[in-house]
Amino acid sequence: PPSHKATASLVLAHDPQVDPSRAMATDVSLLQTRAVAARVEENLGLTMPPEDFLKSVTAVPVSSELLTLTLSGPTDAEAVRRLEALTSIYLTLRGEQLSLQSNVLIGSMQQRIAKLKAEVATASRQIDELSAAGSASADKLGDQIATRAYVQGRIDTLQQSIEDMTLQTTSVVASSRVIDPAAAETGGVKKRV
């Protein structure tokens, strides 16, 4: 019997600092994981092994941003239903993964900021002590003021990086979407009675 297939196209936005072809390869790899297949099967109540489900899916990167998916099913309607679930779950999981990666980086930056704030506090205490000591320690006072300004500049840079990363991750997740929803493939093989 002729196979029943559905197709969909996804636009996947990526971090501009990442090589687009590598980012797309990572996206295809994520799509073909057991985790994605297991979530789809759970969502749809399917009983097939995740590996069998994955065999029914073909992912073709058309460009560095466009991914076309084809899924085979027992009927056209079932192929469309499965592909709709796959695209929805995949985009959700992809968004979760991107957010998780971003949160790990942001967490490490926040730890670094905390350490730098401690350095600023130490420098401020030393500035207060040197100011109280009078003009004899004017050179040391100038050095401490410069050190505190430098460390505060690093803090400001890290805080700006956190804001940029948060906005960029939100933008990448929001920009990735289905542009051609799941639909049965038409034409091809004629059915015979």
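Reader: Where is S56 found?
Author: S56 is in the loop between α3 (50-55) and β2 (57-61). Helices here are DSSP runs of H or I with at least four residues, strands are E runs of at least two, and both are numbered from the N terminus.

Reader: How are the residues numbered, and what kind of model is this?
Author: This is a predicted model, in which local features need pLDDT of at least 70, side-chain atom pairs count only at pLDDT 80 or more, and totals for chains, interfaces and linings use all residues. Residues are numbered from 1 along each chain as its sequence is written, and side-chain values use heavy atoms, with hydrogens and water left out.

Reader: Back to S56. Buried or exposed?
Author: S56 is buried, at a relative accessible area of 13%. Buried means under 20% relative accessible area, exposed means over 50%, and partly exposed is in between (1.4 Å probe, protein chains only).

Reader: Which residues does S56 touch?
Author: Leaving out residues up to four places away in sequence, S56 touches T70, L71 and S72. A contact means heavy atoms within 4.5 Å.

Reader: What is the pattern along the sequence?
Author: The order is β-α-α-α-β-β-α-α-β. That gives 5 helices and 4 strands.

Reader: Spread out or compact?
Author: The protein is more spread out than a compact globule, because its radius of gyration is 27 Å, well over the 16 Å that the globule rule gives for 193 residues. The radius is taken over C-alpha atoms, and the rule is 2.2 Å times the number of residues to the power 0.38. Along the principal axes, the C-alpha atoms fill a box of roughly 105 × 30 × 20 Å.

Reader: How much of the protein is buried?
Author: Buried residues make up 35% of the 193.

Reader: And how many contacts join residues at least 24 apart?
Author: 74% do, among contacts between residues at least 6 apart in sequence.

Reader: New topic. What is the mean pLDDT?
Author: The mean is 89, and 94% of residues reach 70 or more. pLDDT is the predictor's confidence in each residue, from 0 to 100.

Reader: Where is confidence lowest, and where highest?
Author: Confidence is lowest in strand β4 (residues 177-184), at a mean of 85, and highest in β2, at 95. Over residues 188-193 the pLDDT is below 50, and that stretch has 3 contacts in the model beyond near neighbours in sequence. Where pLDDT is low, the predicted coordinates should not be read in detail.

Reader: Now α5. What about V151: buried or exposed?
Author: V151 lies in helix α5. V151 is buried, with a relative accessible area of 4%. Beyond residues up to four places away in sequence, V151 touches L116, E119 and V120.

Reader: Which helix holds P50, and what does P50 touch?
Author: P50 is in helix α3. Not counting residues up to four places away in sequence, P50 touches R34, A37, A38 and E41. P50 is buried, at 12% relative accessible area.
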